[in-house]
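Visitor: I am new to this structure. Please pick out one part and take me through it closely.

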Amino acid sequence: MFHRNSDRFKSRFNELFINKNQNDKESLLKDVASLMSGITKGRRIKGPTITVPYMAVSNVKDGYLDLSTIKTIEASEQEVEKYRLLPNDVLMTEGGDPDKLGRGCVIETPLHNCIHQNHIFRVRLNNRLLTPTYFQFYLQDKKAREYFLRSAKQTTGIASLNMTQLRNLPVIIPPIGQQLVFEEDVQVINKSKFICLINA
C-alpha cells in the first residue's frame with residue numbers, strides 16, 4: 001500500500017474539505033462510530049485457544065499499515081469473535097510522541113481472524129456518514145490535532161489518549177458524496193503511482 005499522507009493526497013483533501021463547507025455537520029465520534037480497545041497480552045485465558053495474527057502499535061503508522069512483521073497471539077474463540085477486524089476498520093494508536101498522537105490508518109483487507117492489541121483503538125465508522133479514507137485524513141487535520149493535543153495526558157514527552165477522550169473527538173461530516181469523490185481520487189492517484197512504479 002502506498003503512503004496515503006503524501007502531499008498530493010493532503011492537497012486534494014484541503015481542496016475538497018478545508019473551509020469549503022461552512023454548513024457541514026459536526027458530531028462526536030461516539031455518535032458516528034463504534035470504538036473498541038484491543039486484547040491484552042499476558043492475561044489469563046480459560047479454555048482452549050487458537051493462534052491468530054494481531055495488529056500491534058508497530059504496525060500502525062501515520063496513514064498506512066506496516067505489515068513487514070506480523071505478530072501472533074493465543075486467544076479464545078470468544079475473544080477472536082469480539083476483537084476480529086473487518087475490512088475498512090480504522091486503527092488508531094493510543095499514545096506516543098506528541099506529534100504522532102492520534103495517528104491512524106485504514107485496514108482495508110485484514111488477515112484471517114486478525115485482531116488488535118490493547119494499545120490500539122478500533123474505530124468502525126457508520127458508512128452512511130463517513131468514509132474511512134476521509135476519516136483517516138481528518139485525523140491529521142488541524143481541528144483533530146488541536147483536540148488531541150489539548151485532551152491528551154502528557155508526561156516526559158509522551159502523550160496518550162484514553163477511550164473517553166477519543167469518543168468525544170469532534171468530527172466534521174461533509175456530504176457523503178463529496179467524501180466518495182475524495183476516495184475515488186485517492187484510488188486514482190494510487191493507481192497512477194503503481195503504474196509508474198512498474199514502468200520505472
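Predicted model: local features only at pLDDT ≥ 70, side-chain atom pairs only at ≥ 80, totals over all residues.

Visitor: In what sense do β5 and strand β7 pair, and over how many bridges?

Guide: They pair in the antiparallel sense, over four bridges. Two strands count as paired if DSSP finds at least two bridges between them. Strands here are DSSP runs of E, at least two residues long, and helices are runs of H or I, at least four long; both are numbered from the N terminus.

First, the ground rules. Residues are numbered from 1 along each chain as its sequence is written, and side-chain values use heavy atoms, with hydrogens and water left out.

Now back to the strand. β5 covers residues 89-93, and β7 covers residues 104-107. Asp89 stands opposite Ile107 in β7. β5 also pairs with strand β9, residues 120-125. That pairing is antiparallel too, again over four bridges. There, Val90 faces Val123 of β9.

How covered is β5? Five of its five residues are buried. Buried means under 20% relative accessible area, exposed means over 50%, and partly exposed lies in between (1.4 Å probe, protein chains only). Both faces of β5 are covered. Asp89, Leu91 and Thr93 are on one side. Val90 and Met92 are on the other.

Met92 leads on to the core. The largest nonpolar core has 34 residues. Such a core is a set of buried Ala, Val, Leu, Ile, Met, Phe, Trp, Tyr and Cys residues joined through side-chain atoms within 4.5 Å. Met92 is among those with the most contacts inside the core, along with Leu29, Val123, Phe135, Phe148 and Leu169. Phe148 touches Met92, Leu101, Gly102, Leu139, Leu161, Leu166 and Leu169, with residues up to four places away in sequence left out. Touching, or contact, means heavy atoms within 4.5 Å.

Two cysteines come next. Cys105 has 0% relative accessibility and counts as buried. Cys114 also has 0% and counts as buried. The sulfur of Cys105 is 11 Å from the closest cysteine sulfur, in Cys114, and that is too far for a bond. A disulfide is a pair of cysteine sulfur atoms within 2.5 Å. The count comes to zero disulfides.

β3 and β8 run parallel, joined by two bridges. Tyr54 stands opposite Ile115 in β8.

Another open sheet of three strands has the order β6-β11-β10 and antiparallel pairing. Its edges are β6 (95-96) and β10 (153-155), each with a single partner strand, so one side of each is left without a neighbour in the sheet. Two bridges join β6 to β11, residues 158-160. Gly96 has Ala159 as its bridge partner in β11.

A loop deserves a stop. Asp66 sits between β3 (50-55) and β4 (71-75). At 26% relative accessibility, Asp66 counts as partly exposed. Beyond its neighbours within four places in sequence, Asp66 contacts Ser58, Asn59 and Lys61. Asp66 and Gly47 are 19 residues apart in sequence and 32 Å apart in space, C-alpha to C-alpha.

Then the rings. The whole structure holds 10 aromatic pairs. The rings of Phe137 and Phe182 have centres 5.2 Å apart and planes at 85°, so this pair is edge-to-face. Rings of Phe, Tyr and Trp (its six-membered ring) pair if their centres lie within 6.5 Å; planes under 30 degrees apart are stacked, over 60 edge-to-face, and the rest tilted. Phe137 lies in helix α4 (132-138) and Phe182 in helix α7 (176-199), so the pair ties together parts 45 residues apart in sequence. Phe137 and Phe182 are both buried. Ring pairs also link them with Phe9, Phe13, Phe17, Tyr134 and Tyr138 into a cluster.

Last, confidence. The mean pLDDT is 87, and 90% of residues reach 70 or more. Over residues 194-200 pLDDT stays under 50, and the model has two contacts there beyond four places in sequence.

Notes:
pLDDT = per-residue confidence, 0-100.
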